[in-house]
Amino acid sequence: MNDVIHLLPDHVANQIAAGEVVQRPSSVVKELLENAIDAGATKIHLVVKEAGRQLIQVIDNGRGMSVKDARMAFERHATSKIRTTEDIFHILTKGFRGEALASIAAVAHVELKTRQEGIDLGTAIQINGGKIKNQEPVVTPKGTIISVSNLFYNVPARRNFLKSNAVEFRHIIDEFQRVALAHEHISFQLTHNDNDVFQLAEANLAQRVLHIFGRKLEGQLVPVGEETDVAKINGLIGKPDVAKKSRGEQFFFVNQRFVKSGYLHKAVQSAFESLISEGLHPSYFIFLTINPEKIDINIHPTKTEIKFEEEAIIYAQLRAAVKHALGQYQVTPTLDFDRPTWDVPTLNRKKEIKTPEIKVDKSYNPFKNPSGYGSSSTPKAGGSFSYYKLEEESEPIQNQIIESGINFKREVLQWHQSFLVTEFQDDLVLIDQHRAHQAVLYERFIKKTKGNSLSQQLLFPIEVHADSKEISILLETEQLWISFGFDFSFEKDLIIVNAIPADITAEMVPSVISEFLASDYREDGLKYEEILARFMAKFAAVKKGTAMSTEESKHLVQQLFELEQFNYTPFGKKIYRKIDLAETLRMLD
Ligand code: ADP
Ligand code: MG
């Protein structure tokens, strides 16, 4: 008889385990940052190149490792943090499974340099694909420098599964922010492709939140605090006014570890009920401190999910704490942030920022603007256009729109300043004017990215607040914005819009940018250009309640039916409804 079962060699076992722990560059970031924290570091610098594909390096000033430990650290189930199963229930460190370094080393080139206090020479180790290549004494600062390069060099399937650098870097920023929020007394720095993305000095929680998310939250945070035998709750919540369309700023930490919990989220959301409108998400940064014996964080290898023994009590306590905080903020002043002394550009600006100067012209009618339908050919028509100049080349395009003429043969009637009524074959057709215009504009914007967008220079640039993560998204997608006709510059937590596409007006710009940033890049699988075109169309389209001339109505209907896709808006909404002749006859019978 042949025996067929054998034990896997360690490097194979480690590669398999790596699949669980190391899904993408941000997983490496998380593990390395956590190790630095567990090592008692007070200063941690994360250096990333090419969204972590090329390099992920963490430099800490923690306690370092001995010569033997430096080697042991890469063994599977090698940890200094627990000894017995019982220990798992008293965990106060981030790590304890002892598999991160082994897993990372199995799928990358890793170099470790480490030195303990009071020892002259440190240790350097190189490991490729789990195999130690070299170990030698080295001169290195106290602490640990670990460099992970060529991630997934030996696992092409994983490598190919990675998303664009923009997406991967956002995941890295997510992990960095989570760790930095939970450890405000540690100073953190993040450098990406030689640019400093974050420089976070040691701070208190409120300052840390502001340093990360920018000035838009200044004066908008309310403290939460409540302690019972079951849990201690502390943290900050954003006032209802700063609730956002995206879920970006929602953080729970349990014993200083970021966790995801739909259940806890509901507790907070329900406390906000009726204070924020539907579709908006409150910002919160909430820390729970719970006896480690009463939670189980071991249910997922990346340890972001958690089970609570006293779930219902915690839910009620959290909800009450948030309600209480919300109730108080109207009467008590909000947090008075101590100005940090460190060089934090966000708060240290000498010059006063002027609020964005966006003039809203109530009588604005998109059909009277140069990019609308042909009834107007004067580029300066409408008050909202008096404060910027159109670039010269706009003229020929204007003419094209008008010259294309209106040849829609049927009558079109506007109903209730919202719908256009016309006939099509035997049917009566009721068209939603706003949705129709959205679809028309969307197609136009998508086509224009192919290189002929018109840009209008703004005499008064618009300033939009954004945090570093949002700015990094715009930087990564800058070419796209330029192809649409935008021109940006950046100043720490501000996006300065110098030029915009001719098809939209200045007052639409902040909404377009914020919706773009809020759209969930992970779920909808759309291309960035489609997302941008969608939001531009949404804001530029004629609103319901806008009177349209017969000519404008006809032109819109004609343009609609010339589209390839005229049934649904780019957001998937139905554009029109047909009223069937036969059915009408029966109805009136
Ligand atoms: P775990 O964190 O679960 O113990 P890891 O594989 O992440 O497992 O790390 C293995 C061990 O290596 C740790 O228990 C710790 O003793 C040591 N170690 C890892 N990173 C560092 C660091 N930056 N400084 C000091 N020791 C470290
Ligand atoms: Mg670890």
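Leu32 counts as buried, at 3% relative accessibility. Its place is in helix H2, residues 25-38. The model is predicted. Mean pLDDT for the protein chain is 80.

- Leu32 is buried because its relative accessibility, 3%, is under the 20% cut-off.
- Setting aside neighbours within four places in sequence, Leu32 is in contact with Ile56, Val58, Leu101, Ile104, Ile146 and Val148.
- Two of these partners, Ile56 and Val58, fall within strand S2 (55-60).
- Another partner, Ile146, as well as Val148, falls within strand S6 (143-149).
- Leu32 and Ala100 are 68 residues apart in sequence, yet their C-alpha atoms are 8.3 Å apart in space.

**Val509 in helix H14**
- Val509 is found in helix H14, which covers residues 509-518.
- Its relative accessibility is 0%, so Val509 counts as buried.
- Beyond neighbours within four places in sequence, Val509 is in contact with Ile462, Phe486, Val497, Ile500 and Ile504.
- Val509 and Val464 are 45 residues apart along the chain, and 8.8 Å separates their C-alpha atoms.

**Positive phi in two loops**
- Glu50 has a phi near 50°, a positive value in a residue other than glycine.
- Glu50 lies in the loop that links strand S1 (43-49) and strand S2 (55-60).
- With a relative accessible area of 33%, Glu50 is partly exposed, because that value lies between the 20% and 50% cut-offs.
- Phe152 also is a residue other than glycine with a positive phi, near 65°.
- Phe152 sits in the loop between strand S6 (143-149) and helix H5 (156-161).
- Phe152 counts as buried, at 1% relative accessibility.

**Helices H6 and H7**
- The axes of helix H6 (residues 165-182) and helix H7 (residues 205-213) come within 9 Å.
- These axes cross at roughly 160°. That angle is over 145 degrees, so H6 and H7 are roughly antiparallel to each other.
- The crossing of H6 past H7 is right-handed.
- On the H6 side, Gln177, Ala180 and Leu181 make the contact. On the H7 side, they meet Leu205, Arg208, Val209, Ile212 and Phe213.
- By class, the residues of this contact are 6 nonpolar, 1 polar and 1 charged.

**Helices H11 and H16**
- Helix H11 (residues 433-448) packs with helix H16 (residues 550-562) at an angle of about 55°. Their axes are 9 Å apart.
- H11 and H16 are therefore oblique to each other.
- H11 passes H16 in a left-handed crossing.
- H11 brings Gln433, Ala436, His437, Ala439, Val440 and Arg444 to the contact. H16 brings Leu556, Gln559 and Leu560.
- The contact of H11 with H16 has 5 nonpolar, 3 polar and 1 charged residues.

**Confidence**
- In the protein chain, 80% of residues reach a pLDDT of 70 or more.
- Over residues 331-405 the pLDDT is below 50. Beyond near neighbours in sequence, this stretch has 132 contacts in the model.

Conventions
Residues are numbered from 1 along each chain as its sequence is written. Chains are lettered from A and ligands numbered from 1 in the order in which they are written. This is a predicted model: local features need pLDDT of at least 70, side-chain atom pairs count only at pLDDT 80 or more; totals for chains, interfaces and linings use all residues. Side-chain values use heavy atoms; hydrogens and water are left out. Axes are lines fitted to C-alpha atoms, for helices over the stretch in contact, and angles run from 0 to 180 degrees between N-to-C directions. Helices (H or I, at least four residues) and strands (E, at least two) are DSSP runs, numbered from the N terminus. Angles under 35 degrees count as roughly parallel, over 145 as roughly antiparallel, 65 to 115 as roughly perpendicular and the rest as oblique. A crossing is left-handed if the near helix is turned anticlockwise from the far one by less than a right angle, and right-handed if clockwise. Contact means heavy atoms within 4.5 Å. Ala, Val, Leu, Ile, Met, Phe, Trp, Tyr, Cys and Pro count as nonpolar, Asp, Glu, Lys and Arg as charged, and the others, Gly among them, as polar. pLDDT is the predictor's confidence in each residue, from 0 to 100. Buried means under 20% relative accessible area, exposed over 50%, partly exposed in between (1.4 Å probe, protein chains only).
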